[in-house]
Amino acid sequence: MTTFLEDSEQRDITTLNLGPTHPATHGVFQNILKMDGERIVSADPTIGYIHRAFEKIAEHRPFYQITPLTDRLNYCSAPINNMGWHMTVEKMLGLELPKRVDYMRVIVMELSRIADHLICNGILGVDSGAYSGFLYLFEEREKIYDIFEEICGARLTTNIGRIGGFERDFSEKAFDRIRQFIKEFPPVMKDFENLFNRNRIFIDRCTGVSPITVEQALGYSWTGPLLRAAGLDYDVRVLEPYSSYEDFEFEVPVGTSGDCYDRFIVRNEEIWQSLRIIEQAMEKLKKEPEGVFHADVPEYYLPPKQEVYNNMEALIYHFKIVMGEVENPATEVYHAVEGANGELGFYLITDGGRSPFRLHFRRPSFINYQAFPDLIVGGLLSDAILTMSSMNVIAGELDA
Amino acid sequence: MSDIQLVDAPAGVEGSGFFATRLDKAVGLARSHSLWPLPFATSCCGIEFMATMGANYDIARFGSERPSFSPRQADLLMVMGTIAKKMGPVLRQVYLQMAEPRWVMAVGACASSGGIFDTYSVLQGIDEVIPVDVYVPGCPPRPEAIIDGLMRVQELVRNESVRRRGSEEYKELMAKYGIQ
Amino acid sequence: MGIITNQGILDKLNARFPNAMLEVSEPKGLLTITTDRETLPKIVAYLKEDASLAFRFLTDITGVHYPEQELPLGVVCHLQSMALNRRIRLKAFLPLNNPRISTLTHLFPGANWMERETYDFFGIIFEGHPDLRRILNMDDMVAFPMRKEFPLEDPNRRDKNDDFFGR
């Protein structure tokens, strides 16, 4: 027996506007959905609601002033952006960094990767209706904020490090906080996994939601946890190691079907692997000579202020660096780091001047999000919300 | 002895079974301790707001237990993050949908004045499109600063006259922004 | 899947597309080839389909503007071969009055938004693109903001007084 709806000739297609201000979209992007009842027929995304013209600003700023801009790309894991930018400039200048600086950078980057995945998984819980997991994880994120604050002074938009290293050595307090974090975090993460991983409702909500094959994902230029959940173990840290990542032992978690549940589990596993890397880095730091926190490049790294006031050479270097009188080669560089969302690339063209001639950010959120309309067609609206959440689209990185 | 603190009663005349005070004071007292925010979070300041909402800094202590994402049911519009020119009309529409009395808090440098983004695509301060009551500087402001901003809004709310929204001065302010 | 060097890739390309490599360089070890606008999509297709090269991952498409050059607008394409662990950069320069180049969306669905962004910022028109319209800037904008002559700051601001700053 057919219902009268199945009999009727014309199905009504409703247009639903999702965003740009919507509690479930994390950030400002709009989707105009055409829906047949609860099923989505098509989606038309509009982005650009927070376009801040980073690439244009970068052409008018000296290299060291671009770091605060990179902070605001993926602001949930700002240190990764900062380190990536510094490494790009160091590649352009051809600088070699001491191992200790590399290990310190690895600690900072892995902490911010943990912080980003905590937000993503916590918010995935909130979007599927489970608010408590988010509250537990945000406490841990506060601890990571405390570590960043001790190192560089800021919680969220850190502007951490300098071209050539760090601005100051990690204090004893910072090391204590890192050790305390390594000790206190695993039980909380296990609690969170107990709440979600084998939770019947969560599994029912998330499995089978927007699966994708590796071929399709590669076609969309996906990288990061999304591609790894689909089944390909592409990690920039493994394929093109930077900042001494080749000295570390860690695994790259890979999923099978690429659906929401796989992405959630891949991110959880990456948090554990990041914790492992941080422990190894703390061990390795003990073997390196103490007190080294920057490369010995006086032409590009600001001398300490006491020397500037007393030493003629330091004064001249300081003047040249701040006024931009240093000799930069005119070349082009592409450097990629493994951001929390995928391959974050910096394409820099210099012309020997004080500012870049052209700086382009290869933003993983932007490139990952273009698959979204194709992923949600045929699914329910609540599945579309979960898909958006599991893709971890950060509005700052989307629009740049 | 419990350590729950109650707000002091406003000045008034008390007798057996009644308490008389000014309507402004009573209404202001009730409103200021139950402000329901609309978190209009666009970028980095939104993450600091999430930290403020979390267990460590807890904005629910101030009465903002229910963040309302629907403008019709919200008292306080907290604009957190950069507003681009493309977003300006959307912000204005959200503000127009709020019912009186409504207050606006601009959180962060970008909402107050455009922040570090002095570019062709960023609105240099939301007070170009909507009237603002409290500005919270910072990039991003610490959760303590956001709570401080909320407390200043509470002070404004506590001391506001019940007739303000119908007064000539308020109508002039709205006319300046082109709002009827 | 042997180790193939940049020179090896270049040799194969020269054999397939003789006289099409206008400029070849290796800044920081990344093979960079400048070619003309008709050959670029063909090179990308060849690099993708050839089994020994297998450049099947499109990293990025972007644009660049050199105002003093005869062909000022450039399209820059980064490709990656995960099997060989190699990257390659391809460039093609276009004239200002006719900045057209064929699209890559039929090879890589991910090129869709990358080309829209390049169009939005530089005005480069990708022929055959399914939906070429602005993506990040406002829809009614006429100019292309990343070109060098477009100013960074909004010229219509009244509230900022630069008289004392010598700008």
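Reader: What pattern does chain B follow when read along the sequence?

Author: Chain B runs β-β-α-β-α-β-α-β-α-β-α-α, helices (H or I, at least four residues) and strands (E, at least two) being DSSP runs numbered from the N terminus. This is a predicted model, in which local features need pLDDT of at least 70 and side-chain atom pairs count only at pLDDT 80 or more, while totals for chains, interfaces and linings use all residues. Residues are numbered from 1 along each chain as its sequence is written, with chains lettered from A and ligands numbered from 1 in the order in which they are written.

Reader: Why is chain B called as compact as a globular protein of its length?

Author: The globule rule is 2.2 Å times the number of residues to the power 0.38, and the radius of gyration is taken over C-alpha atoms. For 180 residues the rule gives 16 Å; the radius of gyration of chain B is 18 Å, close to that value, so the description applies.

Reader: What makes H4(A) mostly covered?

Author: A residue is buried if 20 or more other C-beta atoms lie within 10 Å of its own, exposed if 12 or fewer, and partly exposed in between, with C-beta atoms placed from the backbone. In H4(A), 15 of its 16 residues are buried.

Reader: How many residues of chain B are in contact with chain A?

Author: Contact requires C-beta atoms, placed from the backbone, within 7 Å; 27 residues of chain B are in contact with 26 residues of chain A. H2(B) gives the most to that side of chain B, with five residues.

Definitions and conventions:
Two residues are in contact if their C-beta atoms, placed from the backbone, lie within 7 Å.
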